[in-house]
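Hi there,

Here is the structure I promised to pass on.

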Amino acid sequence: AILDTPSDDAFDRLSELASVICETPYAMVNFVDRKRVWSKAVTGLPASEIPRENGFCSHAILEDQMLVVPDATLDKRFEKNPYVRENPRIRFYAGALLTPLGGLPLGTVCVLDTVPRSLNSKQKKALRILAEQVIRQVERSHIQSQLESHRTRMIETSKMCALGEMAGSIAHEINNPLSVILSRATRIRSIADQPTCDSGKVLEQVTIIESVAMRISKIIRGLSALAHNGENDPLELVPLNQLMDD
């Protein structure tokens, strides 16, 4: 659940830290998908997504440990790579694997340079530690997403429970005005059947019907509002006394 997610300052800072520690102009947090290498965070280069066959990280995830390429022009795997032969003319690459506990590598925290070079033992250790931090951040984000999903489901479940508890009283609230409507309609029919129909009495009964029909309509609107998922609705000011009256 990490691919194609928006930029995140936590990942950006880890990428920047890799660049600083390894003293390279470029650093990335990359994830290897089926046909592409997607960058969650990039330092020194535009945010990118490249074909998997052109990605250094595609080779890195096949290694048991960190992949270090001192000079890409001297490595048969990369000497014809478009990013080596053309801009930004990558020469040096080092990638520490992003491997969840008990899982397979998902990508790398990698650093790149335009000149041949290497990393010392402390820089390699630091790059591995940063990779561990990236995995922890991915897992933390995933857990947060799951919690949010559970929270939404709990809200919907609580709504359904509330509806169930209210079902009896709602039926009562609706049945009463319906009984009034039916009885008043019968009354209107009897008045209309009289030789001298009293329009005033008819209007009185119609007014009562309109009132109770509006009451039913209000109940239905309340039910619709309760069932509606308002998570994405804009916030609005509501007078507290109006809310209490409702």
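Helix α1 covers residues 9-22, and both R13 and E16 sit in it, three residues apart, or about one turn of the helix. Their side chains form a salt bridge, with an N to O distance of 3.2 Å. R13 counts as exposed, because its relative accessibility of 53% is over the 50% cut-off. E16 is partly exposed, at 34%. Please keep in mind that this is a predicted model, so every value here is computed from it.

Two others meet at R36. What is the N to O distance between R36 and E49? Their side chains come to 2.8 Å in a salt bridge. R36 belongs to strand β2 (residues 36-43) and E49 to strand β3 (residues 49-51), so this pair ties together parts that lie 13 residues apart in sequence. R36 also forms a salt bridge with D33, where the closest N and O atoms are 3.1 Å apart.

Is R36 buried or exposed? R36 counts as buried, because its relative accessibility of 15% is under the 20% cut-off. Its two partners are both partly exposed: D33 has a relative accessible area of 26%, and E49 comes out at 47%. Through shared partners, salt bridges join D4, D33, R36 and E49 into one network.

Happy to go through any of this with you.

Best wishes

How values were computed: Residues numbered from 1 in each chain as written. Predicted model: local features only at pLDDT ≥ 70, side-chain atom pairs only at ≥ 80, totals over all residues. Heavy atoms only, no water. Salt bridge = Lys/Arg side-chain N within 4 Å of Asp/Glu carboxyl O. Helix = DSSP H or I, 4+ residues; strand = E, 2+ residues; numbered from the N terminus. Buried < 20%, exposed > 50% of the residue type's maximum accessible area, 1.4 Å probe, protein only.
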